[in-house]
Amino acid sequence: MRSKRHLITLIIILSSHEFAATAVHAQVFSSITTGKPTWTRPLPNGSALSAVTVSFYAVPFYVSTSGNSSLNAGSHGTFDLVEFLYDSSFNANTPLAGFLTGANTAGFGAEENLNSIPFTANTLYYAVTTGFNPSDNGPFVLTFSGPSSVTVVFPPQLAGDFDRNGSVNGDDYAKWTSTFGSTVTFLSGADGNGNGQIDAADYTVWRDHFIPPAGGAAASVAVPEPSSNNYVIVAAVLLGLVARNSWSAAPCWRVDCN
């Protein structure tokens, strides 16, 4: 009798483990492409650029567990949607770099599906929603289904604004120097390029979007070299320096950015 009870208990435990292993998470993200920045999108298969300039919205995210998952994109029947997926990096100026896959097979108003994508845990991905024609834009919904939970990343509205106070200035540089060499969550702190490391590339992000103080005087800042602990002095002539805060220089990923 005892052995039969043990057998029943073992079957229940095994069944519970099997259910946990095959459990599917479904998470939803929604936004809109209307009024957002534009790009010259790739062809859906990523083989080349199209001739279409259209608005888009990019969502950076990472998964907690490696495995095959699916991404469904729907436009509520309002426009002909094209969905792209990028691995590790995305730049609207170089739309073929980092390209992983794309889809536009369903037609106007229908849902596009990226099925059985082998996602790797703690790797930054970008889901980029856009239109097939220049006039295609509107609300969209992304549904992620798979064995993992998904974390959507929200960087600062201004690239280089590491302290997220709405301006790119010396305080952001100080944050970069004080955390140089650290490992952080993607696009958090002074991780301007989204690789999870505070490194020399993040200084470039800050430098390219630094807003000089009024007066236009020259200034020098100490910049650590990525290969050593030594510091080199970089002279920046601020007179006439143009702060490039447009999309072409600094992707805006926040839900509320215009």
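**Exercise 1. Aromatic pairs**

Task: In this predicted model, how many aromatic pairs are there, and is the pair of F29 and Y57 stacked, tilted or edge-to-face?

Solution: The predicted structure holds 23 aromatic pairs. For F29 and Y57, begin with the distance between the ring centres, which is 6.4 Å, and compare it with the cut-off for a pair, namely centres within 6.5 Å. Next take the angle between the planes, which is 40 degrees; since planes under 30 degrees apart count as stacked and those over 60 as edge-to-face, the pair is tilted. Then place both residues in the secondary structure: F29 belongs to strand β1 (residues 25–32) and Y57 to strand β3 (residues 49–63), so the pair ties together parts that are 28 residues apart in sequence. Both F29 and Y57 are buried.

The pair of F119 and Y125 can be worked through in turn: the centres are 4.9 Å apart and the planes stand at 90 degrees, which makes this pair edge-to-face. F119 has a relative accessibility of 3% and counts as buried, and Y125, with a relative accessible area of 3%, is buried as well. Ring pairs also link a cluster made up of W39, F56, F84, Y86, F90, F99 and Y126.

**Exercise 2. The surroundings of T130**

Task: Is T130 buried or exposed, and which residues is T130 in contact with, leaving aside its neighbours within four places in sequence?

Solution: Start with the location of T130, which is strand β8 (residues 125–131). The relative accessible area of T130 is 0%, and the residue is therefore buried. With neighbours within four places in sequence left aside, T130 is in contact with W39, R41, V54, S55, F56, F79, D80, L81, V82 and F84. For S55, the polar atoms can be examined as well: a polar atom of the T130 side chain lies 2.8 Å from the backbone oxygen of S55.

**Exercise 3. Helix α2 and its ends**

Task: Which residues of helix α2 (residues 170–179) are buried, and which residue caps the N-terminal end of α2?

Solution: The buried residues of α2 are D172, Y173 and W176. Around the helix axis they cover an arc of only 100 degrees, so they lie on the same side of α2. As a general point, an α-helix has 3.6 residues a turn, so residues three or four places apart point the same way. At the N-terminal end of α2 the cap is N169, a side-chain oxygen of which lies 3.0 Å from the backbone nitrogen of D171. Just after α2, G181 adopts a positive phi of about 90 degrees.

Notes. Residues numbered from 1 in each chain as written. Predicted model: local features only at pLDDT ≥ 70, side-chain atom pairs only at ≥ 80, totals over all residues. Heavy atoms only, no water. Phe/Tyr/Trp six-rings, centres within 6.5 Å; stacked < 30°, edge-to-face > 60°. Helix = DSSP H or I, 4+ residues; strand = E, 2+ residues; numbered from the N terminus. Buried < 20%, exposed > 50% of the residue type's maximum accessible area, 1.4 Å probe, protein only. Polar contact = N/O pair within 3.5 Å; in protein donor to acceptor, adjacent residues only side chain to side chain. Contact = heavy atoms within 4.5 Å. Arc of directions from axis to C-beta.
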